[in-house]
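Reader: Could you walk me through the packing in this model? I'd like to hear what stands behind each term.

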Amino acid sequence: MMIEEAARELKLSYTREYHDSFIKEVNQRGLNFEEALTELLTEEVSHRRNRSYQRRITQAKFQQKKYLADFDDTVFPETSRKQLRVLTSLEFIKRKENAILIGNPGTGKTHFSIAIGIEACLQGFNVQFVNAPNLIIQLKEAVTQSQFVRFKRRFESVDLVIIDELGYLSFDESGAELLFNLLSNRNDKGSIMITSNLTFDRWHECFKDTTLTAALVDRLAYQAHVIDMRGESYRIKQTSSWIDSMTTN
């Protein structure tokens with residue numbers, strides 16, 4: 001059996017694609033069998049991990065790529081900074097805890113949530129990212145197509161669900177009930193991270209039902225990481241800086 005055939009059957013994609021060039025390199029460097037085998041298996045593992053990471057990133061459906069290294073937390077009070085840094089360890093995902101980021105538009109909630117999601121993918125967790133209005137649309141489509149139970153199971157199967165922009169648009173009654181059902185069933189089965197421009201006492205503005213809202217807040221916020229990210233908008237600050245530079249010039 002040829003190397004390529006054996007590698008294909010064993011699903012060793014790196015070995016299958018690069019064995020010729022690897023053998024040439026081994027001969028040029030004069031590696032012994034143990035050294036060569038160690039390097040080949042190391043490359044195979046690295047290649048497989050990278051493919052797995054890229055697959056999780058694709059499946060997460062992030063609207064853009066953001067990273068923790070680019071997130072500036074110095075604009076927040078020390079208490080908020082400490083809370084945000086606790087989340088970066090990803091221990092809250094292992095413990096199936098929730099995280100709720102509350103703040104006005106432009107303060108970095110979406111950036112931070114995506115960055116946490118990408119870091120989680122890198123560390124082997126399965127993540128799903130969706131903004132709240134689109135989630136309602138997906139839920140209604142699932143109901144129309146008699147796929148709600150399947151949708152709910154898939155939603156519950158990932159390690160971290162990130163729901164962005166809760167509160168920017170209100171839901172109708174059916175949408176609010178579907179989202180309540182989905183989140184209530186998901187709670188305790190895995191972590192939920194929510195970004196919102198509304199404090200809890202205003203969530204009824206998008207759910208339109210105070211009783212339902214109170215029940216949902218009670219479930220999601222119990223022992224959750226609730227972080228105040230209110231402050232000056234990054235976008236407004238950047239625009240002001242740009243205007244100032246233009247005026248100066």
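Predicted model: local features only at pLDDT ≥ 70, side-chain atom pairs only at ≥ 80, totals over all residues.

Reader: Which residues does Phe207 touch, and what makes that a contact?

Author: Residues are numbered from 1 along each chain as its sequence is written, and side-chain values use heavy atoms, leaving out hydrogens and water. Contact means heavy atoms within 4.5 Å. Leaving aside residues up to four places away in sequence, Phe207 touches Leu166, Phe171, Ala176, Leu179, Leu212, Thr213 and Leu216.

Reader: Which residues touch the most other members of the largest nonpolar core?

Author: Ile163 and Phe207 do, in a core of 32 residues. A nonpolar core is a set of buried Ala, Val, Leu, Ile, Met, Phe, Trp, Tyr and Cys residues joined through side-chain atoms within 4.5 Å; buried means under 20% relative accessible area, exposed over 50%, partly exposed in between (1.4 Å probe, protein chains only). Helix α9 gives the largest share, six residues.

Reader: Why are α9 and α11 called roughly parallel?

Author: Their angle is about 20°, with axes 10 Å apart. Angles under 35 degrees count as roughly parallel, over 145 as roughly antiparallel, 65 to 115 as roughly perpendicular and the rest as oblique, so α9 and α11 are roughly parallel. Axes are lines fitted to C-alpha atoms, for helices over the stretch in contact, and angles run from 0 to 180 degrees between N-to-C directions. Helices (H or I, at least four residues) and strands (E, at least two) are DSSP runs, numbered from the N terminus.

Reader: Which residues of α4 are buried?

Author: In α4, Ser80, Arg81, Leu84 and Leu87 are buried.
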